[in-house]
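Here's a quick briefing to keep beside the viewer. Have a look at the fold first, then work through the notes below.

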Amino acid sequence: MLTATPLNVVKMLRADRILPKWEGKVCPRYEKGTLSGLKLEAGTGMPKHRCSHWKCRVYINPQHLHPLFVDGRGAAAQPLQTQAALLMLKLNNISNPAVHRLLHVNHKMVEDLDKRLCHARKTWVEAKEKDIVFGKDQKWADVEADETTFDRMELGNKAPDPKNPVVWEQWCGIVQRGHPETLVLSRLSPRESAKRAPGPGAIRKVEWTPLAKKWLQDKKVILHTDSAKSYKTRVPGVLHDKVVHGKKRVKVKGQWKWKAPTYVKLAKHKNPITKKMITVKSGTQVVDRAWKFLKDRLTINQNAKDPFLS
Ligand SMILES: [Zn+2]
């Protein structure tokens, strides 16, 4: 990729559908002319599109307005070959210091691409999320919901309540089993907590109820969660099923015994319309796996955004 000619790197990126075609499109400068096919610009020898309008005649780079590539001029501008190689390394989770050593590009350029990648992914996720419908393909599909904490930050003397100086980054995930593409993540706003608190606590009812209404109401699904109280919220068209995490003491024949946690168990539900029984596997193992996948890939030192600074 690094040794490809400027025209060939454009061809490679177009073949991989990373770079769209500008030819025939309306020129973005005055929105009057149309853009030509790629031609090598006299002087620079770089492949460019040219506007057909007699007043404009502007040359446009093939990566013009691209969400990941920079369309720059001058000394700091990196050729598309380097930018494409950088993107390839980043997409393979190569660490920033390694990228820096391999490509001899500065930290700023690597970090800028990180930011643009995050932004592009966020936009993509938000667009895709609109099409997610739980229980679309089957009646009484199994859906799991769970919350997890990704980060904590101490506000110190910036905390509005000095007794509770810790803010948390907590997210709720909802996913239909067998359909990983339905994973919906929603950022929660847990209360600040004391310095030594182990976590922000389970999801609150005021936060779960709108999520349940938005995503699950009338969808005819079986919802699997842990035993947090908030998930008990009654939602029309949702059967609820919970498992108990953590050891519990139970009385057996007059003696207290520890009961092992049931992460997975079989549960029966009655279909409210046909009155037939449905047997399902309880538990949140699918969304648990999603949390593990995400946490393995996150940069740990990304602190929860300070809500009082931003
Ligand atoms: Zn133009």
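Helices (H or I, at least four residues) and strands (E, at least two) are DSSP runs, numbered from the N terminus. Two strands count as paired if DSSP finds at least two bridges between them. This is a predicted model: local features need pLDDT of at least 70, side-chain atom pairs count only at pLDDT 80 or more, and totals for chains, interfaces and linings use all residues. Residues are numbered from 1 along each chain as its sequence is written, and side-chain values use heavy atoms, with hydrogens and water left out.

**Overall picture**

- The protein has six helices and twelve strands.
- Of its 310 residues, 37% are buried; buried means under 20% relative accessible area, exposed over 50%, and partly exposed in between (1.4 Å probe, protein chains only).
- Take the contacts (heavy atoms within 4.5 Å) between residues at least 6 apart in sequence: 51% of them join residues at least 24 apart.

**The five-stranded sheet**

- Five strands make an open, mixed sheet, in the order β6-β5-β4-β7-β8.
- The edges are β6 (179–187) and β8 (238–243); each has a single partner strand, so one side of each has no neighbour in the sheet.
- On average, neighbouring strands here are turned by 25° against each other, direction ignored; the axes are lines fitted to C-alpha atoms (for helices, over the stretch in contact), and angles run from 0 to 180 degrees between N-to-C directions.
- Helix α6 (residues 285–297) packs on the sheet, where it touches β4 (141–154), β5 and β6, and its direction makes about 35° with that of β4.

**Strand β5 and its partners**

- Ten of the eleven residues of β5 are buried, so the rest of the structure largely encloses this strand.
- β5 (residues 166–176) pairs with β6 in the antiparallel sense over five bridges, while β4 and β5 are also antiparallel, with eleven bridges.
- Gly173 in β5 stands opposite Asp146, and its bridge partner in β6 is Leu185.
- Cys172 has Ser186 in β6 as its bridge partner.
- β5 and β6 form a hairpin with two residues between them, and Gly178 in the turn has a positive phi of about 85°.

**The zinc site**

- Which protein atoms are the donors of the zinc ion? They are the SG atoms of Cys27, Cys51 and Cys56, lying 2.2 to 2.3 Å from the ion.
- Donors here are N, O and S atoms within 2.8 Å of the metal (3.2 Å for Na, K and Ca); water is not among the atoms, so sites may look incomplete.
- Along the chain, the donors follow the spacing C-x23-C-x4-C.
- Cys27 sits in the loop between α1 (6–15) and β1 (39–40), and Cys56 in the loop between β2 (47–50) and β3 (59–60), so this pair, 29 residues apart, links distant parts of the chain.
- Cys27 counts as buried at 0% relative accessibility, and Cys56 does at 11%.

**Around His224**

- His224 is in strand β7 (residues 221–226) and is buried, with a relative accessible area of 0%.
- Its side chain makes a polar contact with the side chain of Asp241 (3.3 Å); a polar contact is a pair of N or O atoms within 3.5 Å, and within protein one must be able to donate a hydrogen and the other to accept it, with residues adjacent in sequence counting only if both atoms are side-chain atoms.
- Leaving out residues up to four places away in sequence, His224 touches residues including Asp142, Glu144, Arg177 and Lys281.
- His224 and His240 are 16 residues apart along the chain, with 6.3 Å between their C-alpha atoms.
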